[in-house]
Amino acid sequence: MGVVRRILDERQEHDASHIEVAGLWGAAKTLVAAQSAEALGVPLLILASGRIESEAIFDDLTTFVDPDRCALFPAWEVLPSDVMDPSDDIVAERLHTLRLLSAAMQSGQPMHVVAPIRAVMQAVIAPDALEERSMTLAVGEEYDLDALILQLTELGYERELMVEQRGHMSVRGGIFDIFPISAELPYRLEFFGDEIESIRRFEPETQRSIEHVDSVDLPPRSEKQLLHDKDNVLTPFTAYLPETTLLALDEPATVAEKAEDIQRQSRGAPHVLTWDRITEELATFTRLDLNQVAQVESAGAVRIMA
């Protein structure tokens, strides 16, 4: 806690916007970042060099902070310009995180997110545009089922005989099943006329109901489709984070090296931002460099030895 206290003193008393902490190992780096953000009452963004590193940090973070206030923002395993689509699991987690961050911005509740640098270098759909292209269905509200299916088809959902995987929907009489791209389980909506009488989650293998809920959130099925839609506004990931966010870089020299590699590999691919652009976007945040070993002091940074 001594390190955190010194970080807070520098941040609050000396208006330090760039602090370098050397001598931290393993989960201690995540702990220092989390405790600093919690003490300041601000959101936290931890940038890592790669997928494995970001997942390990996220696992640590959820042990130090309420897991409901933590999110992982993974990178696509393909370029936006590739013919192959990113996996549903990755798209699901990315859209879920964007919706969580958007809701947190509106409520003022600090969220803590971990991301590999590759994920942050990919442009995303603007928060307002994502909200416009998402739907929330609630018990007691009325919907024309045919019009609803058409809307969801435009969002990328596919109509099947049975709902077995994310992005599927099916209709049998007044029963409407849908598996949101960002959900762990599908939902069954029972209609009486045009009104939703009940919504419940169920297991697709057994069709057994798990729990009743009041509403279901339906983000667009395909993030790639959003990126290629000329009517959508694209933005850096930082648009989902308030300016009060504390930025923590896990081994910043390694992050920068990885970012430069990604920039070379992408060769100006659409929707991939340059490292210089990302640096500019992150400049408004208080920066916390977390190093395992002592390195050359960054220009303008306050140095703390753990």
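The structure is a predicted model, in which local features need pLDDT of at least 70 and side-chain atom pairs count only at pLDDT 80 or more, while totals for chains, interfaces and linings use all residues. Residues are numbered from 1 along each chain as its sequence is written, and side-chain values use heavy atoms, with hydrogens and water left out.

The protein chain contains 10 helices and 17 strands, taken as DSSP runs (helices H or I, at least four residues; strands E, at least two) and numbered from the N terminus. Its C-alpha trace spans about 65 × 40 × 30 Å along the principal axes. Of the 306 residues, 51% are buried (under 20% relative accessible area, with exposed over 50% and partly exposed in between; 1.4 Å probe, protein chains only). Among contacts (heavy atoms within 4.5 Å) with a separation of 6 or more, 70% join residues 24 or more positions apart.

Helix 9 comprises 15 residues, 252-266, and reaches 21 Å from its first C-alpha to its last, close to the 21 Å expected at 1.5 Å a residue (1.5 Å times one less than the number of residues). Its buried residues are Pro252, Val255, Ala256, Ala259, Ile262 and Ser266. They lie on the same side of helix 9, because they cover an arc of only 120° around the axis (directions from the helix axis to the C-beta atoms). An α-helix has 3.6 residues a turn, so residues three or four places apart point the same way. The buried residues of helix 9 pack against strand 2 (44-48), helix 5 (117-120), strand 15 (246-250), helix 10 (275-282) and strand 16 (286-291). The face turned away from the buried side carries the exposed residues Glu257 and Arg264. Arg267, which follows helix 9, has a positive phi, near 50°.
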